[in-house]
There are 2 protein chains.
Amino acid sequence: MKTTVGLLGCGHVGSGVAKMLLEDHDFINEKMGWPLALAKIAVRRPQADRPYNPPADFLTTDPYQIVGNREIQVVVELLGGLEPARTLALEAIESGQHLVTANKALLAHHGREIFAAAARHKVEVLFEAAVAGGIPIIRTLKEGLSANRFRHIFGILNGTTNYILTRMTRDGLTFQAALAEAQAAGYAEADPTLDVEGLDAAHKLILLTALAYGTLPALESLHVEGITRLTPEDIAYARELGYVIKLLAVSARDEDGRLEVRLHPAMLPRTHILAEISGPLNAVLVSGHAVGDVLLNGAGAGMMPTASSVLADLMDLARTDRVNSTSRVPSLGWSILRDEPVKLMSETKTAYYLRFTVADRPGVLAAIAKLLAERGISLAQVIQKNPLPGQESVNLVMLTHLAQEKNLMAALADSDRLETVLAPTRLIRVETRL
Amino acid sequence: MKTTVGLLGCGHVGSGVAKMLLEDHDFINEKMGWPLALAKIAVRRPQADRPYNPPADFLTTDPYQIVGNREIQVVVELLGGLEPARTLALEAIESGQHLVTANKALLAHHGREIFAAAARHKVEVLFEAAVAGGIPIIRTLKEGLSANRFRHIFGILNGTTNYILTRMTRDGLTFQAALAEAQAAGYAEADPTLDVEGLDAAHKLILLTALAYGTLPALESLHVEGITRLTPEDIAYARELGYVIKLLAVSARDEDGRLEVRLHPAMLPRTHILAEISGPLNAVLVSGHAVGDVLLNGAGAGMMPTASSVLADLMDLARTDRVNSTSRVPSLGWSILRDEPVKLMSETKTAYYLRFTVADRPGVLAAIAKLLAERGISLAQVIQKNPLPGQESVNLVMLTHLAQEKNLMAALADSDRLETVLAPTRLIRVETRL
């Protein structure tokens, strides 16, 4: 038994999904205890060079080798756009196949039709990849925060515009210059309209609204305003006032319980965490009546982050396939718990902050540095201050490069034996991966 | 048909869970299309005054009115500590009841026994509330990011110590003074040992490690170091070096694939997002091979945030009860999609940034301010600069208090008709809820 998957489309995201299904197969299998198998990929141009090139025998130009094929349980729609995505998605649902999609435009425009068809045919429609790329905001709203009445959701939902605004804010670029740079860096399409006019983010906002408030508003009922008219001048004034300008998606209930859904440039206090989301990142701040504020942030687009979300949906469906009701997801998310030793602290490598309490005499620093060097520990920075009047000891602060804990400890044992070291040395590890 | 729930314990978190089950019943029912019913609450002292006092007929002093009761499908263990929590949890599992728990100590110490018993008896053990309070990090690791091989997880998992460190960092307090203040503010227990020595965070770290790496390390195999020895001096030096000190939980694979699990004070670059998590908040930064870095942050403790996580687990079990395999969670997380109008943008209230391009003449500011005032719009801040040499126009920047969009637009329509206003006025909305 296994869960079999067909892909419609193999562009950027499709390449990532194919790569994970083919390369991470053993890992996924170990985690679920149930195989997730790629069967076919429908593409227009089999010969095209892709970010990841699946073996040629997976490729077909006929989508109906996937849609309606009884041996394929899940259809992953990664075509983008409204047609033929809508027709193929509905045909898949009508033939009893589950649908996974990253297509926010499709769901924002035709969501009612698609979700209704899925309910009628008792299949699932999952779309974690459709909003905020790799950030698992769909599951968070559907499941993690499911018991909350949401006060408001604020989102930075489009990486292209956030990149452009970051460059305009940090470096004073004009919109046109920042856009050109984003296009050169691959963060913006040749035709950037959907992004810079706010439509892409508005599609995502519609889906967040559906998840939070149980209603799927029409695009036409929303105020949607892009970033094309923002000037460096406005950004400079905003800064002067203590604000940063972001393209902000808002879905909220006002004090009278009315639904507020809008997408436009907004000034945020410079110290607010959303103001600090920079470059192509996305973020969603959810405020619920019980949980208070929760923020999620991460990559809002990109081949692998988006594929990560598609795979989460596929694993969800495979887990549903695997069992009936209980233990769809085992308690710890793994089918088997392994025994695995934890690396000894003594073998861990980090950088270190060291504070020596030393006598204010010549040669002390040299003696300590020599002991450290003997253990292979090199220094990134040293600070020594003059002693305070009346004090005999001074602080000698050192920041090391990466070192192994046992070497560091051995060096400190040596140095603490020096007569000029007057107290046990204080140590704080420095996370160099941050 | 319904899913029936019994609570063991009704302290801080138990009160929140009882409150949500009793007060948010209609909302939860609407969302799931399936009732989640509170049956009984076992407490030691029925007369005690609680943050939320459930009706007396829910209370019993006999836990076996819940554990082993065939009419109760889910036992929520909120006793804390190892015994009698362990015995009651195992008895519930053995009698076929699902277990929901917020008890990290229990799972860190007896997780193997408990998860094995649950697998044997085909029931679920859910524990979203056991790590990082309201932040849905358990589901995120189990489901949202399930396809990722995790490179590392960094966590700020204890709100008490983060509050203390924040006070020490921002205001130069000693550990003892900050602890006393945290106790007075309700952020630290009378006996703060579990928190300040790092044990509470270590228990949570063990669970994150199990979710990320499929192994449940023994507490004794971890380096666990609290914050009691940190001094204001160290914190000041860290700042001087560009760092902030946090109590950091680390679960990672090193370059050789070995498991690194440790909990100790660590210096983080001051500009890193984790360094900015302040006060009693928690945060988890997850790095996966596909998704890259994802950060979740929010309330790590507290009655309602923790109850939010318990309710997410209960709704998960109820949804499993409700259906067999498909549509455990409907696509949009709601059983029925409603039609609901979106408030018109013209009726929306925000604050506004306005930039007028005006002639450099006396009385212009007064004329504009008058038009705004006539529409009930009041100003928070005004900036007017001298014109650049050779320029005839100047920028007049205003920040308004909350105003209704239609009033603001009407005022701008008026002001843009002034002969001294030389170009259409630029407007950016200011999010006052941030």
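Domain bounds, as used in these legends, come from an automatic or database domain assignment.

**View 1. The division of chain A into domains.** The model shown is predicted. Chain A is divided into three stretches of assignment: domain 1 covers 3-133 + 305-322, domain 2 covers 143-299, and domain 3 covers 345-430. Between domain 1 of chain A and domain 2 of chain A, the C-alpha centres are 28 Å apart.

**View 2. The contact between domain 1 and domain 2 of chain A.** Domain 1 of chain A supplies 11 residues to this contact, and domain 2 of chain A supplies 13 residues. On the side of domain 1 of chain A that touches domain 2 of chain A, helix α4 (residues 104-121) of chain A provides the largest share, six residues. By residue type, that side of domain 1 of chain A comprises seven nonpolar, two polar and two charged residues.

**View 3. The contact between chain A and chain B.** Here 110 residues of chain B meet 110 residues of chain A. On the side of chain B that touches chain A, strand β10 (residues 259-269) of chain B gives the most, with 10 residues. The residues on that side of chain B are 58 nonpolar, 26 polar and 26 charged.

**View 4. Strand pairing between the chains.** Two bridges join strand β10 (residues 259-269) of chain A to strand β17 (residues 421-430) of chain B, and the pairing runs in the parallel sense. Within this view, A:A266 is found opposite B:R429, a residue in β17(B).

Conventions:
Residues are numbered from 1 along each chain as its sequence is written. Chains are lettered from A and ligands numbered from 1 in the order in which they are written. This is a predicted model: local features need pLDDT of at least 70, side-chain atom pairs count only at pLDDT 80 or more; totals for chains, interfaces and linings use all residues. Two residues are in contact if their C-beta atoms, placed from the backbone, lie within 7 Å. Helices (H or I, at least four residues) and strands (E, at least two) are DSSP runs, numbered from the N terminus. Ala, Val, Leu, Ile, Met, Phe, Trp, Tyr, Cys and Pro count as nonpolar, Asp, Glu, Lys and Arg as charged, and the others, Gly among them, as polar. Two strands pair if DSSP finds at least two bridges between them.
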